[in-house]
Amino acid sequence: MIHRYARGAALLTMLPAALMLNMSGAAAATLTPLTVPSGASPFSTCTAGSAPGAVNYTNAEVEPWVAVNPQRSNNIIGVWQQDRWSDGGAHGLVAGYSTNGGKTWSEAAQPFTACAPGGPSRYDRASDPWVSIGPDGTAYSVSISFQGVGYDNAVLASTSRDGGATWSPPKSLIEDLGSAQFFNDKESVTADPAIPGTAYAVWDRLVSPTDNPRSAAHAAAYTGPTLFSKTTDAGVTWSTPTVIVPTANKQQTIGNQIVIGPDGTLYNFFDLILGTGQNGIDKLHGMNVAYTKSTDGGTTWTAPQVIAKLNTVGVTDPNTGAPVRTGDIIPEPAIDPATGQLYVVWQDSRFNGGHYDEVAMATSTDGGVTWSAPQRANTPHGVPAFTPSVRVAGGNVAVAYYDFRSLTAGNTSTLPTDYWFTSSPVGPLTLGGETHVHGPSDMMTAPSSRGFFVGDYAGLASTGSSFASLSIRANDANTRNRTDAVFTVITR
């Protein structure tokens with residue numbers, strides 16, 4: 001089965017016990033007052049993107065990402081999907097930007113669809129918002145842009161040099177036009193923290209053997225390699241995409257995301273999905289947390305190394321069985337900018353016998369050569385914990401996630417959902433001291449897109465020794481404004 005959201009392996013080696021996760025001890029963190037960066041939709045009058053049977057959730061924001069300007073820490077940029085469609089993508093992507101550390105916000109429509117000023121007329125939907133800010137203050141943002149009816153799709157990039165207030169005309173990293181055979185998906189962009197003007201984009205490109213989605217060959221064969229492009233002139237031009245993770249028949253990657261070590265090494269993390277057991281790797285059939293790395297700026301890459309199986313069973317309402325769409329097949333990485341210690345979190349059911357997803361975490365202190373055994377990062381409550389984010393700041397590693405602990409037995413009319421933060425000093429990990437970020441809010445109010453949906457990921461960034469959090473909160477029973485992006489700075 002092809003996995004899409006918009007529309008050679010190494011064995012795990014254990015780290016010493018001192019590096020395993022321990023859920024005891026740590027004190028709770030403190031939060032600044034929650035603010036709401038998102039406002040009324042700038043696309044509310046746009047009629048582009050309609051498709052038969054599709055529902056548009058005007059004013060609904062989902063799937064946020066956030067970055068802090070290393071030049072001016074009070075400048076924060078968050079991006080999100082605006083006006084989600086039930087069958088994929090949104091009217092467009094919006095950037096919220098703050099110049100006072102998140103106390104107040106302004107918005108700018110990004111030029112990624114026909115709904116936005118300066119956007120391309122060819123594309124009427126966008127998805128997978130992402131933003132990263134380089135050492136010179138240049139902000140890089142990318143989009144999957146595509147058609148509600150039609151096959152055209154692209155990875156587009158835009159930059160801002162004024163803190164998120166205005167965005168450049170979009171550059172096309174790749175375009176596939178007129179054929180259902182190709183679809184570019186789940187892109188991300190990472191600004192190099194040490195080289196001004198340099199940023200790296202990665203995504204998977206799904207390839208079917210024919211452009212007829214009804215043919216037997218289309219269903220029986222596909223592939224989804226990772227593509228890579230970089231800019232060295234602050235987004236004026238981007239390199240021709242190259243394949244950095246090749247995949248065979250019935251194999252694909254998804255959720256590609258680069259983090260950069262203090263020595264300049266690029267680490268690309270992703271879900272390696274193996275639909276066949278060929279090449280002697282039957283035991284890795286299915287989904288796997290994996291990475292590959294480059295020590296020459298992305299020119300050459302190592303073969304993929306598998307860190308762990310990704311044993312998600314998906315998320316459903318524990319009382320009704322209704323589906324909840326989450327980041328279930330998307331690993332999230334982080335790196336300590338001082339030491340290069342690597343972290344990765346993902347959804348996994350291994351801690352409860354395969355009954356429901358929780359948050360798994362692994363770490364490496366030797367550049368990914370060896371990894372700790374996966375450990376649970378959430379506090380267990382017998383309910384799903386999902387869509388984790390991870391980041392390192394000020395000598396602490398932090399994990400944020402949603403869970404259903406406020407749901408009571410027999411409640412089938414609402415789905416109360418909370419958002420949590422936990423952290424540990426780097427080194428010997430002692431995650432604990434949970435902090436409640438927001439909730440409970442009713443997940444049933446969120447847009448429906450193959451399940452109740454607030455995003456495949458949420459934003460967490462470092463700001464000095466603290467953490468900038470941008471997540472989605474449902475607005476209980478408010479069908480005119482189902483969700484909002486909410487922001488806080490969390491200090492350990």
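Arg325 stands opposite Phe453 in strand S29. Strands here are DSSP runs of type E of at least two residues, numbered from the N terminus. S29 is joined to strand S20 (residues 323-325) by two bridges, and the two run parallel. Two strands count as paired if DSSP finds at least two bridges between them. Strands of a sheet pair through backbone hydrogen bonds, either parallel or antiparallel.

These strands belong to an open sheet of three, in the order S19-S20-S29, with mixed pairing. Strand S19 (315-316) and strand S29 (452-453) are the edge strands, each pairing on one side only.

## Basis of the model

The model is predicted: local features need pLDDT of at least 70 and side-chain atom pairs count only at pLDDT 80 or more, while totals for chains, interfaces and linings use all residues. Residues are numbered from 1 along each chain as its sequence is written, and side-chain values use heavy atoms, with hydrogens and water left out.

Eight of the eight residues of S26 are buried, where buried means under 20% relative accessible area, exposed over 50% and partly exposed in between (1.4 Å probe, protein chains only). In a regular strand the side chains alternate between the two faces of the sheet. In S26, Asn396, Ala398, Ala400 and Tyr402 point one way, and Val397, Val399, Tyr401 and Asp403 point the other way.

S26 runs antiparallel to S25, with seven bridges joining them. Val392 stands opposite Val397 in S26. The two strands form a hairpin with two residues between them, and Gly394 in the turn has a positive phi of about 55°. S26 is also joined to S27 by eight bridges, again antiparallel, and Ala398 stands opposite Ser423 in S27.

## Nonpolar cores

A nonpolar core is a set of buried Ala, Val, Leu, Ile, Met, Phe, Trp, Tyr and Cys residues joined through side-chain atoms within 4.5 Å. The largest has 40 residues, and those with the most contacts inside it include Val324, Phe404, Phe421 and Phe467. Among the elements that give two or more residues to this core are strand S25 (385-393), strand S26 (396-403), strand S27 (416-425) and strand S31 (466-474). Another core, of 30 residues, lies apart from it, with Ala95, Ala157, Ile174 and Trp238 among its members.

Contact means heavy atoms within 4.5 Å. Leaving aside neighbours within four places in sequence, the contacts of Phe467 include Val392, Asn396, Ala398, Phe421 and Ile490.

## The disulfide

One disulfide is found in a search of the whole structure; the term covers a pair of cysteine sulfur atoms within 2.5 Å. Cys46 and Cys115 form it, with their sulfur atoms 2.1 Å apart. The torsion about the S-S bond is about -70°, so the disulfide is left-handed. Cys46 lies in the loop between strand S1 (30-31) and S2 and Cys115 in the loop between strand S5 (106-109) and strand S6 (125-133), so the pair ties together parts that are 69 residues apart in sequence. Both Cys46 and Cys115 are buried.

## Backbone exceptions

Most residues other than glycine have a negative phi, and most peptide bonds are trans. The peptide bond from Gly439 to Pro440 is cis, with omega near 0°; Pro440 lies in strand S28 (residues 432-442).

Arg450, in the loop between S28 and S29, has a positive phi of about 55°. Its relative accessibility is 49%, so Arg450 counts as partly exposed. Ala477, in the loop between S31 and S32, has a positive phi near 65°. At 67% relative accessibility, Ala477 counts as exposed.

How values were computed
Helices (H or I, at least four residues) and strands (E, at least two) are DSSP runs, numbered from the N terminus.
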